[in-house]
Amino acid sequence: MGGRAQLRRATVDTGGPSQRAPAAEPDAGRQVPPTGPGTGRIVAGYLAPHPPHLIYAENPPQNEPRSTGGWDTLRWGYEELRRRLSAGGRPDVLIIHAPHWITMVGHHVNCVPHPRGLSVEPIFPHLFRYHYDFRTDVELAEAIVEEADAAGLVANAMRDERVRVDYATIGALHLVNPAWDIPVVSLSANNNPYYYSSASLDQMEVLGAATRRAIERSGRRAVLLASNTLSHLHWDVEPELPEDMAAEHPYNHHQYAWDMKLLDAIRSGPTSALRPLIEDHIEATYAETKSGSLTWMLAAMGWPQAPGDVLAYGTVIGTGNAVVEWLPDGEVGRG
Ligand SMILES: [Fe+2]
């Protein structure tokens, strides 16, 4: 592309209701390891942001555009994530909640056995046109739908092969496992958060606990991925060279300071301190955690006592992005 392209400001999505009835979550806030011997369990959870620029910078063969690199420190964080994933033994499944598979009503789970296609980032098609081809753990996906439904959520098994997998799901999954040799379960982001400030984060706790119960039933060793950026205001003008790092810095100091406030709390632990802080951070920074991915993941893990391990922080077109690892209480670290 030539010249300086006009880019859209931070996206604001709209959507509809998703909850069938108020759902009480009996396990919300429990502080014990979420799985026991001989059952399925969560072995790690990662905050795994998905800026298309990181895929563009990696130059994988599946992505059509070519780059000269850029955003290296964030990509080093993902490199360390991949090392830890490998050192901990291959998980049976990667379960991802991402904000750009937007569903208007309810929480959907991709139950297509073999998703294949082209995923395009609508704002940055010159950076992200990715040919994907992966396998779904359909049995676990269906179990999550069943558990979410039983918990009172509107939940749906998505079985339409024509539905393109969104770039947030594909981007994070590539950065975590570029070999694509681990089955996937992909959850949609219900749009309610964009109508009601924090109400739907309560639903994400219910969805997280339902996900945990499905994992326990399944016998799988699961890694969870919350595909969220932190502070989310960004530039509306792109440099001539998209990966020109001379143009890359926080959108403003306010956004940066709030990201650091959240990361300080993450690094200190326990995660229960994040419950109110995530909402404050959303209000202050338009954070993408409003889609609920991070709350879903930490709730599924039973809100661990242990702090998160921040593997990297960096900005992408001004937005704040962190790669963070959490281990469930009782799980041995691989750092
Ligand atoms: Fe995003």
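**Entry 1: Val176 and its surroundings**

I started with valine 176, and leaving aside neighbours within four places in sequence, I find it in contact with Tyr46, Ala48, Leu81, Arg82, Leu85, Leu94 and Leu225. For me, two residues are in contact if their C-beta atoms, placed from the backbone, lie within 7 Å.

A note on what I am looking at: this is a predicted model, where local features need pLDDT of at least 70, side-chain atom pairs count only at pLDDT 80 or more, and totals for chains, interfaces and linings use all residues. Residues are numbered from 1 along each chain as its sequence is written.

**Entry 2: the core**

Next I looked up the largest nonpolar core, which has 89 residues. Such a core is a set of buried Ala, Val, Leu, Ile, Met, Phe, Trp, Tyr and Cys residues joined through C-beta atoms within 7 Å. Val176 turned up again here, listed with Ile144, Leu225 and Val323 as the residues with the most contacts inside the core. Helix H5 (residues 199-218) gives the most to this core, with 8 residues. I kept a general point in mind: in soluble globular proteins, nonpolar side chains tend to be buried together.

I call a residue buried if 20 or more other C-beta atoms lie within 10 Å of its own, exposed if 12 or fewer, and partly exposed in between, with C-beta atoms placed from the backbone.

**Entry 3: the overall tally**

I counted 8 helices and 10 strands in the protein. Helices (H or I, at least four residues) and strands (E, at least two) are DSSP runs, numbered from the N terminus. Of the 335 residues, 50% are buried. I also looked at contacts between residues at least 6 apart in sequence, and 83% of them join residues at least 24 apart.

**Entry 4: helix H4 and Tyr167**

How many residues of helix H4 (residues 167-176) are buried? I get 10 of the 10, so H4 is largely enclosed by the rest of the structure. The buried residues of H4 include Tyr167, Ile170, Gly171, His174 and Val176.

I then picked out tyrosine 167, which is found in H4. Tyrosine 167 counts as buried because it has 28 C-beta neighbours inside 10 Å. Leaving aside neighbours within four places in sequence, I see tyrosine 167 in contact with His50, Pro52, His100, Ser119, Val120, Glu121 and Phe128. I also checked tyrosine 167 against alanine 98: they are 69 residues apart in sequence and 9.0 Å apart in space, C-alpha to C-alpha.

**Entry 5: strand S10 and its partners**

I moved on to S10 (residues 319-326), which pairs with S9 (residues 309-316) in the antiparallel sense over 7 bridges. Two strands pair if DSSP finds at least two bridges between them. Across this pairing, valine 310 stands opposite valine 324, and alanine 312 stands opposite valine 323. Strand S1 (residues 41-47) is joined to S10 by 3 bridges, and these two run antiparallel. Here I found glycine 45 opposite tryptophan 326.

Is S10 buried or exposed? I find 8 of its 8 residues buried, so S10 is largely enclosed by the rest of the structure. Both faces are covered, with Thr319, Asn321, Val323 and Glu325 on one side and Gly320, Ala322, Val324 and Trp326 on the other.

S9 and S10 form a hairpin with 2 residues between them. Isoleucine 317 in the turn has a positive phi of about 45 degrees. I count isoleucine 317 as buried because 21 C-beta neighbours lie inside 10 Å.

**Entry 6: helices H6 and H7**

Helix H6 (residues 253-268) and helix H7 (residues 274-285) pack at an angle of about 170 degrees, with their axes 10 Å apart. Axes are lines fitted to C-alpha atoms, for helices over the stretch in contact, and angles run from 0 to 180 degrees between N-to-C directions. H6 and H7 are therefore roughly antiparallel, a label for angles over 145 degrees. Among the residues making the contact, I noted Trp258, Leu262 and Ile266 of H6 and Leu277, His281 and Ala284 of H7.

In the loop between H6 and H7 I found proline 270. The peptide bond from glycine 269 to proline 270 is cis, with omega near -10 degrees.

**Entry 7: Trp71**

Last, I looked up tryptophan 71 in the loop between helix H1 (52-58) and helix H2 (72-87). Its phi is near 50 degrees, a positive value in a residue other than glycine. Tryptophan 71 counts as buried because it has 23 C-beta neighbours inside 10 Å.

Key:
Angles under 35 degrees count as roughly parallel, over 145 as roughly antiparallel, 65 to 115 as roughly perpendicular and the rest as oblique.
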